[in-house]
Amino acid sequence: MLVPLFDDDTGLLMLAGLGDTAIDCFEVSTSEPFLTQVSHCMTDASTRGIAMVPKLALEVISCEVTRVLQLTDSCIVPISYQVPRKNSGHEFHDDLYPDTVGTTPAMSAEEWWQGGNKQVEKVSLHPGKRPKPAAKQPPGKKELPSGGSKEDQPRGSSTSSSPLSTPSSSAAPSHSPSSTSGLSSGFLPSPSQSGKAIQNLMGTTSKFRHIQGAVMHRDKHITNIRNLNLTTPGECDGFCVNRQRVAVPLAISGGQIAVFERSGPGRQPDTALPTIQNSVNVADFSWDPFDTHRLAVAGDDAKIRVWQVPKGGLKETLTEPKLVLQGHTEKIYSIKFHPLASGVLVSSSYDLTVRLWNLESGEQVKVLTGHQDQVFGIAWSPDGKLLATVCKDGKVRVYDPRNSTAPVQEGPGPEGHRGARVVWVCDGKYLLVSGFDNRSERGLYLFSADSLSSGPIANAALNVAPSTLIPFYDPDTSVVILTGKGDTRVYIYEVVPEDPYFIECSSFNSPEPHKGLAFLPKTECNVRDVEIAVGLMLTKTTIEPVAFRVPRVKKDFFQDDVYPDTDVWWEPALTASAWLSGSNGQHKKLSLKPKDMTPVSEAPKEAPVRKYLPSSVYLEEKTDEQKKEELLSAMVAKLGNMDDPLPQESYEGVDDEEW
């Protein structure tokens, strides 16, 4: 739907479509051509609403003829339209600013009801002729501020530099609001003023808002992957990785899985590769976080097979698993290893049960009940004490599996029935669920882990797409990265335990739809490039590493505000038998700071420097004599000094006899 805004003084018509990223400006006249386009502004975000600022609030000295405010999903963006003039910033141009409608009412409501037709008195926009506000205001009335002078403008506000053509000149495209710049005094604002201005304009911002995702160099890619299985169940991530190798399901009979070593990237041979023959279709699979050689695979036959990949990778096809777990009566949805205890595995199945397994003994130890429909997702709490599930019956549940087979908490989840995922965030105090609403729109839902029954405390709608968003949460930065199988966009949010809860950051777009995105341990991040996450992206025939970096100025220093001590989650804190008997543990911490880097918090303070010259230098009008003198000086400097000898004068000739 197009939203029109018309300015009677200038005859300018603004048109913006709700949901579009363009704002068009036209000049309307009473003669042909009746409608002339004078500006086309491309914005950074979709338009949710648009409004025009009153004429008395314009910067008339800067030849600003109109200003609109664009409402987006997360902020309000001012877009300024200015006519380029020679003496812009010094003189008031009468031809651009006819007298405009004032702010004093022409009559009362009673007078209008009785047939009055008085007009509102017009006022001049000249800064020296502005009407001064009355000393006293009648009760219930409040005069609007003029806002025309620089003193009336809010400090730190910036406008989009969007040049507007006059009726006699050709149309000129406007700049994006992302390149906004206000009048400069020559110095950068102080960090506190700048932060307050941004917060007032855009609300709470994240230090990760400018995060950048980039695919690494091709020499780190694994290419020429053949017969990739693209039809894994929705509860499966598509493939799984650890710091040494990658497991990928193949569309070959027998549920075969290819294992690629990360230490040997490059083009894979066209010949057949050694694989893991699971004998049945793969429903889900997961690497043991504490053993990079152990892979658990759930199959269509309700069995879990545990495979042991030899050191150095697969040299021959594996046909016999090390362990087979039986107990489920129907197909298994998903499996997850315990984050702290070695040898503890949880699985969910079509038989509506969630079961715990002890890989040390190869036995089933618990059967959790209470689900009325398909279990979409399961997740362990960071301390390993609790287990959360999200179900197709519209419920989110939390279990204490060592003490009870029934849920200890239960609350309403996403209304959609197409799929969902759950992950613990904010030190295990909240649950983040990605799912669908009743209109099949994808969204995020945040629950307090202590009060699931009260429902989500915050939610964020994303878009309409068929695939379930798979979340990856980094507990060190509280950043969640989400994407779906078959998507091209990767969403990034910072999750905070207070309003607004979800802070949107820059997203990453892949050149083609990817089939999955899995992440590596934090130790794989290059802290010198301020990488906060490194993932592997699966496409139709390749596995490509993707680095997510935070732009920083002082990259020579270790960014200790981005890299707190991280968990050594690849080492178990306790054994399966110890955890099942009631013991608890926690991971050791590891600093990511290289020995030759200094924390940025200890960096020497630098004095503020002038980034560019004051505006008075650029706006100063030079006389014709000054311009002529500068031109002559430049020409003389280019020609050089006339008294200098010519180069050929230093050459030595030859004797006449030699001729």
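Predicted model: local features only at pLDDT ≥ 70, side-chain atom pairs only at ≥ 80, totals over all residues.
Arg 267 and Asp 270 are joined through their side chains in a salt bridge, with an N to O distance of 3.5 Å. Arg 267 is exposed, at 60% relative accessibility, and Asp 270 is partly exposed, at 48%.

The search of the whole structure finds 27 salt bridges, and other pairs lie in other surroundings. Asp 288 and Arg 294 form a salt bridge at 2.7 Å, N to O, and both of these residues are buried. In the salt bridge between Asp 301 and Arg 305, the closest N and O atoms are 2.7 Å apart; here Asp 301 is partly exposed, with a relative accessible area of 27%, whereas Arg 305 is buried at 9%. Salt bridges also link Asp 7, Asp 9 and Lys 55 in a network.

The sheet comes next. Four strands make up an open sheet, ordered S1-S2-S3-S4, with antiparallel pairing. Strand S1 (2-7) and strand S4 (35-42) are the edge strands; each has a single partner strand, so one side of each lacks a neighbour in the sheet. On average, neighbouring strands of this sheet are turned by 20 degrees against each other, direction ignored. Within the sheet, five bridges pair strand S2 (residues 12-17) with strand S3 (residues 22-28) in the antiparallel sense, and Ala 16 stands opposite Ile 23 in S3.

Turning to the cysteines, the whole structure contains zero disulfides. The sulfur of Cys 236 lies 7.8 Å from that of Cys 240, the closest cysteine sulfur, which is too far for a bond. Cys 236 is buried, with a relative accessible area of 1%, and Cys 41 is buried at 0%.

Key
Residues numbered from 1 in each chain as written. Heavy atoms only, no water. Pairing = 2+ DSSP bridges. Helix = DSSP H or I, 4+ residues; strand = E, 2+ residues; numbered from the N terminus. Axes fitted to C-alpha atoms, helices over the stretch in contact; angles between N-to-C directions. Disulfide = S-S within 2.5 Å. Buried < 20%, exposed > 50% of the residue type's maximum accessible area, 1.4 Å probe, protein only. Salt bridge = Lys/Arg side-chain N within 4 Å of Asp/Glu carboxyl O.
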